[in-house]
There are 2 protein chains.
Amino acid sequence: MDATARHPETDPRAAVKLWLRLYRPVSLIERELRSRFQREFGVSLSRFDALSALDRAPDGLLMGELSDRLLVTNGNVTGLISRMVADGLATRAALPQDRRSFRVELTDAGRQTFARMARAHADWLAELLADLPGETAAALGSHTETLMHSLRTEQDG
Amino acid sequence: MDATARHPETDPRAAVKLWLRLYRPVSLIERELRSRFQREFGVSLSRFDALSALDRAPDGLLMGELSDRLLVTNGNVTGLISRMVADGLATRAALPQDRRSFRVELTDAGRQTFARMARAHADWLAELLADLPGETAAALGSHTETLMHSLRTEQDG
DNA sequence: TCGAGATATTTTACTTCTAAAGTAACCGCG
DNA sequence: CGCGGTTACTTTAGAAGTAAAATATCTCGA
């Protein structure tokens, strides 16, 4: 198979159409979550995402690992974590063996805060997705997996 | 009062899982588009979205209509359009019959700029989605329609 | 006609985000 | 060693986003 055979018939118009169909509902949900986090907890979605990534990492994360996971730039993480440290949710300690690096870890308060928010987050999503037929949910789950995988192979190849 | 009674079978854990499966690939693509717009045209994705919404409206849009379509606040649109007007891409004229309102329209330069960007946008998406099997694309297209519809009914009900 | 509320937009103060440039520390090779 | 390139992170300048308050205009009923 030659190069064109690898990407046989991708119609740019169809690609845009599919993209918009994916993008719009995801944006709507994201925006709704963002505003609920703000209203209920006075917290940004970004901060919840950071708490979530750190909660999943028992030994904390380096700044760079965190920016990889959150899909944001290093500079962004610097400010985000500074504010979280100032608010007592996380600690940021230099690594003895590599003084360029910093290990970020949740404090107990941070883990407790996250636990409360995670519960609300799950409930909100259950509510927002309540009217979605079970078959559609299942199909979306598996097809978005395929999409994710195809993005990765596209990126590498 | 009991939220679970209204939505009998929505498992919050499953909802979060589905949400993350939707969110991650969409974020990846969005981020990639954003960085390509910046690199190739020195323009934000938001600006492209605004150009796109305005290009679709032959007679222009009111500020409020634009913020509805872009899913952003009025205050955000004020700044976005100010910069676009300053760059010669759009005009912003008070409505004689309602002096609170402003009609925003693309200039010829705005329409030409959008046309060039839209072509690149479509090509990028075709490239990013090239490895997605046709069946998956079709299924995703129809199921995201269902998702969008279920969000609307959820919102209204 | 007048005032009360609704509506359209802007302003304000702030967080979040980016790209690019800057700083500091590490690593490997001569 | 020591210097050159890489890596980890921060800083900077500015766009993009928010919520909430402010401004200005419209509308409608007494």
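This report covers chain symmetry, salt bridges and a charged surface patch in a predicted model.

## Basis

The model is predicted: local features need pLDDT of at least 70, side-chain atom pairs count only at pLDDT 80 or more, and totals for chains, interfaces and linings use all residues. Residues are numbered from 1 along each chain as its sequence is written, chains are lettered from A in the order in which they are written, and side-chain values use heavy atoms, without hydrogens and water.

## Symmetry

Chain A superposes on chain B by a rotation of 180 degrees with 0.0 Å of shift along the axis (RMSD 0.0 Å). This is the relation of a two-fold axis. Within chain A, Leu140(A) comes closest to the rotation axis, its C-alpha lying at 3.3 Å.

## Salt bridges

A salt bridge here is a side-chain nitrogen of Lys or Arg within 4 Å of a carboxyl oxygen of Asp or Glu. The count over all chains is 14.

In chain A, Asp98(A) pairs with Arg100(A) at 2.9 Å, N to O. Asp98(A) is partly exposed at 23%. Arg100(A) is exposed at 72%. In chain B, Arg47(B) and Asp87(B) meet at 2.8 Å, N to O. Arg47(B) lies in helix 3 (residues 45-56) and Asp87(B) in the loop between helix 5 (74-86) and strand 2 (90-95), so the pair ties together parts 40 residues apart in sequence. Helices (H or I, at least four residues) and strands (E, at least two) are DSSP runs, numbered from the N terminus. Arg47(B) is buried at 11%, whereas Asp87(B) is partly exposed at 48%.

Asp55(B) bridges to Arg111(B), with the closest N and O atoms 3.4 Å apart. Asp55(B) sits in helix 3 of chain B and Arg111(B) in helix 6 (residues 108-128), so this pair links parts 56 residues apart in sequence. Both are partly exposed: Asp55(B) at 28% and Arg111(B) at 27%. Shared partners join Glu32(A), Arg36(A) and Glu127(A) into one salt-bridge network.

## Positive patch

Arg24(A), Arg56(B), Arg69(B) and Arg152(B) form a positive surface patch. Patch residues have over 30% relative accessible area and no salt bridge, with like charges joined within 9 Å. The charge of Arg is placed at CZ. Arg152(B) belongs to helix 7 (residues 134-156) of chain B and is partly exposed at 46%.

Conventions
Patches are made of residues with over 30% relative accessible area and no salt bridge: like charges are joined within 9 Å, nonpolar side chains (Val, Leu, Ile, Met, Phe, Trp, Tyr) within 5 Å. Accessible areas come from the Shrake-Rupley method with a 1.4 Å probe; for residues, only the protein chains shown count as cover. Lys and Arg count as positive and Asp and Glu as negative; His and the chain ends are not counted. Buried means under 20% relative accessible area, exposed over 50%, partly exposed in between (1.4 Å probe, protein chains only). Copies are superposed by least squares on the C-alpha atoms of residues with pLDDT of at least 70 in both.
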